[in-house]
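The sequence and structure are shown below.

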Amino acid sequence: TWFGTFRIVLAVIALAFSIVTLIVRAMPLPNNFALFVAVGSPYVALVVVVVLVSSAITRRVAMAVVATAVVAANLAIQVPWYYFGKPPDVGEHVAVRVLSANLRLGRADVPSFVDLARASADVITLSEMTPDWLRRFYATGIRAEFPHSVLVPAVGAGGFGLWSRFPLEVVTPMKGGSMIAARVRVPGVRVDPVVASVHITNALAFYGRAFDKWRSGIAAAKVRMEGLADAAGSGAVIVAGDFNSTPDMRQFRDLLTNGYRDAVEQTGAGWGPTFPSYLGLPALITIDHVLTRNAAASSIRTIDVRGSDHRALLATVAVPLASAAS
């Protein structure tokens, strides 16, 4: 019947798309279409399971075999990243709690965010911090708990904030590669760790015309992260923020060199999408990250931030008392 033929055609298209998704995920993304395909990678298994069930019902053995192979390949890629990690033992350390959030152009609710920071964080990294949001933030008296800061407020999406309970020293250049960074003088730690707040341009901004800016931004971030590694030497580096990139985008995974690791992959914390998280929508994709070098994330979780379209990340990072070279 025509319906049976239609169902077979849809199954073939879905299966072909799923295979293309696995291929695209492995390559540097050249355009927004490839980006959309890569971002959908975590959901490919769901599509192929439908094909698999349909193939089994209609006894199309060849299609069922291919669908099974695609599901297995997808799960082999996705599951270890989110669930098989185990933090390495770094020996004696100080646990530093890092809270990272995108403020949605300064619209995030200040009182609830202050409560979260006071209860949960030692270091705060923020993006999309506007001058008005900063004024309201300081009006709460937050400087009593977080007296040290590096601030680049800006109208729009270009603002950054970095606060700490511990003294900070700016790592120059203060802004470059879409980030700001500072050394953190953590008591008991021999070599001061470096902490950075990052925000890479959304490839879909300006009605989808920002892909090249995203690509150059993430390349610049890689260069800057290499510079932070050099600046820290044998000390720890923590880079946190809105990368506007998922683990299924090759350019993001290319950041994980020279000892850098993603906290979710490191801890096996599980599936925790961060965007979008407003208007009652469930978060669907993971574009916010905490990366560590010469340190070990021992936990990470997502937290709703009232007024923001991103979920915040709260990570606990084990910073070794002695340097990595000791």
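## Sheet, packing helix and surface

Strand 1 (residues 93-102) pairs with strand 2 (residues 123-127) in the parallel sense, over five bridges. Within this pairing, serine 100 stands opposite threonine 125 of strand 2. The model is a predicted one.

Both strands belong to an open sheet of six strands with mixed pairing, ordered 3-4-2-1-12-11. Strand 3 (148-152) and strand 11 (296-303) each have a single partner strand and stand at the edges, so one side of each is left without a neighbour in the sheet. On average, neighbouring strands of the sheet are turned by 15° against each other, direction ignored. Helix 5 (residues 110-120) packs on this sheet, where it touches strand 1, strand 2, strand 11 and strand 12 (312-320). The direction of helix 5 makes about 170° with that of strand 1.

Proline 282 is found in the loop between helix 10 (263-267) and strand 10 (288-293). The table gives the accessibility of two residues.

| Residue | Relative accessible area | Class |
|---|---|---|
| Leucine 46 | 56% | exposed |
| Proline 282 | 52% | exposed |

Proline 282 and threonine 21 are separated by 261 residues in sequence and by 23 Å in space, C-alpha to C-alpha.

Note on methods: Residues are numbered from 1 along each chain as its sequence is written. This is a predicted model: local features need pLDDT of at least 70, side-chain atom pairs count only at pLDDT 80 or more; totals for chains, interfaces and linings use all residues. Side-chain values use heavy atoms; hydrogens and water are left out. Helices (H or I, at least four residues) and strands (E, at least two) are DSSP runs, numbered from the N terminus. Buried means under 20% relative accessible area, exposed over 50%, partly exposed in between (1.4 Å probe, protein chains only). Two strands pair if DSSP finds at least two bridges between them. Axes are lines fitted to C-alpha atoms, for helices over the stretch in contact, and angles run from 0 to 180 degrees between N-to-C directions. Contact means heavy atoms within 4.5 Å.
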